[in-house]
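Subject: Structure handover

Hello,

Please find the structure below. My notes on it follow.

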Amino acid sequence: MIIGRIPRVEHPERGDYDEKIEAHTFHVTVKELGTSAEHRVRLDDEYYYKLTDGNITKMELIRLSFRFLLRREAKELIPAEFNLSAISRYFFDYEGEISVK
């Protein structure tokens, strides 16, 4: 359960999904004030390493990215499905702020 706009990030366990289709897909739930929003987020390895050099987990990068988004807009305005790299097309400060190299 997520309270106070802290996103919960889940990744399917290996064997529970088709690796070629879902290996880079994460499920994010944001709950607050009795409502929730569900999101499917794709994170490619190349973009993950560009932002982090592997210094944090993919799940932590997605969690930080949702915190970034939630400081700027309501959970209902975040697309239900998107590639994490799309954030920088709408928020030009995203990569600079989120980078943990």
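I begin with threonine 52, which counts as buried because its relative accessibility is 0%; buried means under 20% relative accessible area, exposed over 50%, and partly exposed in between (1.4 Å probe, protein chains only). Threonine 52 lies in helix 2 (residues 45–52). A polar atom of the threonine 52 side chain is 2.8 Å from the backbone oxygen of tyrosine 48.

Before the rest, some notes on the basis. This is a predicted model, in which local features need pLDDT of at least 70 and side-chain atom pairs count only at pLDDT 80 or more, while totals for chains, interfaces and linings use all residues. Residues are numbered from 1 along each chain as its sequence is written, and side-chain values use heavy atoms, with hydrogens and water left out.

Overall layout

The protein chain has 5 helices and 4 strands. Helices (H or I, at least four residues) and strands (E, at least two) are DSSP runs, numbered from the N terminus. Read from the N terminus, the order of elements is β-α-β-β-α-α-β-α-α. Of the 101 residues in the protein chain, 40% are buried. Among contacts with a separation of 6 or more, 51% are between residues 24 or more positions apart; a contact means heavy atoms within 4.5 Å.

Strand 2

Threonine 29 is found in strand 2 (residues 25–32) and counts as buried because its relative accessibility is 12%. Its side chain forms a polar contact of 3.0 Å with the side chain of glutamate 38. A polar contact is a pair of N or O atoms within 3.5 Å; within protein, one must be able to donate a hydrogen and the other to accept it, and residues adjacent in sequence count only if both atoms are side-chain atoms. Valine 30 is also in strand 2, and at 0% relative accessibility valine 30 counts as buried. Between valine 30 and phenylalanine 66 there are 36 residues in sequence and 8.9 Å in space, C-alpha to C-alpha.

Aspartate 53 sits in the loop between helix 2 and helix 3. The phi of aspartate 53 is near 55 degrees, a positive value in a residue other than glycine. Most residues other than glycine have a negative phi.

Buried residues of helix 3 include Leu61, Ile62, Phe66 and Leu69. Arginine 67, also in helix 3, is partly exposed, with a relative accessible area of 33%. Arginine 67 and isoleucine 98 are 31 residues apart in sequence and 10.0 Å apart in space, C-alpha to C-alpha.

The largest pocket

The largest pocket has a volume of about 160 Å³. A pocket is an open set of points on a 1 Å grid over the protein atoms alone, where a 1.4 Å probe fits, with protein on both sides within 12 Å along at least five of seven lines; lining residues have an atom within 4 Å of a point. The volume is the space filled by probe spheres set on the points, which are joined across faces, edges and corners. Residues lining the largest pocket include Leu69, Glu73, Phe82 and Tyr90.

Regards
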